[in-house]
Amino acid sequence: MNPLSALDNPFRQNIVADAWRPAEVDVPEIHREAFETCDRAYELVKSGRMSRSVFLHGPAGSGKTHLLGRLQKHLTQTRDDLLPCIFVSVRLQTSPRMIWRHVRRRFAEDLLRPVADGATQIQHLIAGRLAGMDTKKRSTSNWLQWVRAQPVRKTEKFEHNLDQLARGAGLDHELFQVLKNVLLDRHRNDARNWLMGDNLTESSRKELGLSEQPPGDLDQETLAQEVILNLCRLAGPGRPVVLCFDQIEALQSHPEDRDGLFRFGQVGATLFNSTDNLLLISCIQSALMDNLKSAIRDADYDRITQEAKVLNPLTYDQAVRLAACRLEAEPILKKLRAEHPDSPTWPLETEEIKTLFQSRPCPARKVIAACDTLFEQARGRQVPKIDDQTFIEKEFQRLREAALKQTPPDETDENLTHALPLLAEMIEPTLLPSAASSGVDLLVGRSSRTVGLVLANHRNMTSLAARLRRLEEKPPDLGLSRLVLIRDSRLPIKRTAKVTRERLAGLQAKGLRLVQPSIQVLAALKALRTILSEAKSGDLANAGVSIGPKTVQEWLAANLDESLRVFFEDLVGSTTVASEKDTDLLQDIAEELEEHFILPLADLDRNLGHDSLERIEDAVRRHPDRFGLLAGPPSVLFLYAPPDLSSGD
Amino acid sequence: MSDPYSDIDQMSVRTVIESALRRLNRATAANTLRKQLPRSYQIPLEELKKHLDELVRAGAIHKWQPDQTIYYAAFDPEAAARRQMLAAMAGRRLSARELAVKVKGLPGYSKTQKYVKEHLKPVLATGQAFLHPPAGREKIARYAIEPPPPGPYLTKIVKEIQAVGLKLNQPLETVYQALRPMLGLSFPKPLQPPPPETGTLVRSHQEPERLILAGMVKIEPKARQRALVSLRDLRRSVDLSKEQFDKTVLDLARTGKVVLHYHDYPSSLSETEREELVRDSLGTYYIGIVLGEGHESS
């Protein structure tokens, strides 16, 4: 029997998707120069009390995210219980119009992420700040224990200290209130959702000690920017915030799109100018360098590229070293390899690795993918080659299934804002520039017909009512042929929200169309934008070779998910959908089923106070993507969940 | 008596309205528009307004309402105003009031500056034009296609820096040297003159190499710290033929003096764009060049 048969293939992982999940095996010599540049810049931020920036270029698969992972591992190691920095990694898979909100979400996620010692970054941050204020000079370690203590052990003194800290750091009131909840472990989910920028219900806001309605009518992008700058300020002097931007390419909706890169430049420069403890690291493919330079302002470019380093393709020697390190990391393999001291890459033929370098420079990912095949061959197995089309199909399915499980309604605005222009570009490349200032979130045009899209995925009914009031009072004057309001079907408008329902009905009577995409549609949209973002960033690779966005776009256009085509037609098509007469009834059914999941038809009818079982049955049958009906007797209704959602726990 | 207009096909009325608006090429009130229509199409005003509203709803024409009166236009008022303002800004810095006057074809536009500010927002956000805040004796902000030159905004600071030099009895150069790192700027190494050749004549192939290596540092000072340099920009800055440039770049890569970065999806580029890159004998297109390890001081 081949001794390699029972072993795991050490080359299976060839993509590092996230800086927080670095590769298990790392070869420090590879890209050492870029790593040291980042580390030096970090030290300068720490000692110099001024923000710095590093820009990293490299071909697809050269190891940009791998390097960020190495840096994360290095910088988030606690020393004497002290986390020396706050590390945040942002993959820019978003619409340029939501870039600050996207960064806020990722920032919050990473702040609440536990590091090596199990405490979250935010706990470390607060402990460090409290220790700095302590007149009795108790150590950070002591404060960390206090911060991590169970809520019952926390005292009024704790709240008093937090008050002092908030005042010292000039924190925004809402942010301070939410952080207090996080640290006292109260209303954990609501506090987390607020930090991520979600629109909270009135009751959730009340629980957190906030006013029931979000303050004023602030632009959400400005609000997100303020929260991020507040959090950087809270980290305080001496504790750098390391903010890494990856997949900048994904901000472009098409190769000539300059807006996404321009806005990225603005965001980077704003962060740089408004902080004194930030290390900004941005990664981009070499191929995009020219576009980036021409798209962003020189002043912004200077701020985000104080240091510029490249991640070169590997040399042959580096490739051999990389292969050897991965092989050595497997203990049994290491033993076997000891019997072949003359072959540095046993069981792989070193000469085979050499052939990789005959055509053109070889990035790390391609080396690993080639070694993966060689390893399988060495143990007598063949690696089936799959063509790019099949690979894209499988990847799209995988992403869609993952999205079915992980696409909360709070992400719907971002999902639609990012994905709809991509979908429109694919179906009909006629998307017009956005018109956010005119009360419309997106404009989609078809020949002489222009449709205005309003995103209304608020959980807070007061906010939603206010948005509808603005539409009523000042309808967008853009010569629209239609106005469409999109609301996630998982967000029913409750019966208690009478004003909201009345306003919606009034607007519908004036011609507004309500479209409520199902989770299947939203998951397909998320998969679409993810796979395109991965392709644009060079991270969609079949056997180590990147598949370009054009190939993916062509595949998607030819195999477009039927639910997406129907959804798009629903938005821009000229046909009239008849189901809108039952809007209120559908909202009622959804509200009841959100609460009970499953209900006999008769019970539901009673709860709703309606007198027509047939009407309910009819409405449910017309929406099989949202509700299910078991004929009975007795007839039972349930909230429909796609198979992959319901197969979980 | 039967309605004299009943036999006019509704579609042809709309076509005539659209055509009249296109011909007028300005936002026009319904009653003015009516007079401009052929006699047989001069339908009652109320009916005309219904057709106009229908055309607006269909996205065929646009509405413009700066005050009580509603005007109609064949063009998008916002886009047209933006276009005219951008044209007016060519080579000039204009205030909002001056810009408002420049917009033609939209009645009421020049009466207020609110439209200028609203319509310029996306133009400013995408860097097509820039706000020039008041500087020196100027009291009002202006707009221009070029970004504001920092000079006029630095007058006061320059005086303060000069005062520091005087106070410390130090030359301004010393103050400047201290200022650069405080502003987060690194010192680019001054471009070195080519090393003096010893003895023999320079071999002809060394000249293009020298030009390319010096050109890299010239267009990107951070190239010495091994930053990536665009081959497209480098080609434009070096006086070499395409063949000579491509050959020299590939030779430099072969000898390890530089490392080349390839384009992953050259098929996404136009033929002209590809021509600006460097292509090797195997068909790989290179987009960037970086000094090789140990050749930083080349």
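Colleague: How much space lies in the second largest cavity, and how do I read such a thing?

Modeller: Rolling a probe the size of a water molecule over the atoms shows where empty space is left. A cavity is a set of points, on a 1 Å grid over the protein atoms alone, where a 1.4 Å probe fits but cannot get out, and lining residues have an atom within 4 Å of a point. Grid points are joined across faces, edges and corners, and a volume is the space filled by probe spheres set on the points. Here, the second largest cavity holds about 60 Å³ of space.

Colleague: Before we go on, what kind of model is this?

Modeller: This is a predicted model, in which local features need pLDDT of at least 70, side-chain atom pairs count only at pLDDT 80 or more, and totals for chains, interfaces and linings use all residues. Residues are numbered from 1 along each chain as its sequence is written, chains are lettered from A and ligands numbered from 1 in the order in which they are written, and side-chain values use heavy atoms, with hydrogens and water left out.

Colleague: Which residues line the second largest cavity?

Modeller: Among them are Ile126(A), Leu162(A), Phe176(A), Lys180(A) and Leu234(A). H7(A) gives the most, with 4 residues.

Colleague: How does that lining divide by class?

Modeller: Ala, Val, Leu, Ile, Met, Phe, Trp, Tyr, Cys and Pro count as nonpolar, Asp, Glu, Lys and Arg as charged, and the others, Gly among them, as polar. The lining of the second largest cavity has 9 nonpolar residues, no polar ones and 1 charged.

Colleague: What is the volume of the largest cavity, and which residues lie nearest its centre?

Modeller: The largest cavity has a volume of about 360 Å³. Of its 30 lining residues, Gly61(A), Ser62(A), Gly63(A), His66(A) and Ala364(A) lie nearest the centre. H2(A) supplies the largest share of this lining, 4 residues. By class, the lining has 12 nonpolar, 10 polar and 8 charged residues.

Colleague: And how should I read a pocket, such as the second largest pocket?

Modeller: A pocket is an open set of points with protein on both sides within 12 Å along at least five of seven lines. The second largest pocket has a volume of about 1600 Å³. It is lined by 43 residues, and Asp18(A), Arg21(A), Arg91(A), Gln406(A) and Lys526(A) lie nearest its centre. H18(A) gives the most to that lining, with 6 residues. Sorted by class, there are 15 nonpolar, 8 polar and 20 charged residues.

Colleague: Is Cys362(A) buried or exposed?

Modeller: Buried means under 20% relative accessible area, exposed over 50%, and partly exposed in between (1.4 Å probe, protein chains only). Cys362(A) counts as buried because its relative accessibility is 0%. Cys371(A), at 1%, is buried too.

Note on methods
Helices (H or I, at least four residues) and strands (E, at least two) are DSSP runs, numbered from the N terminus.
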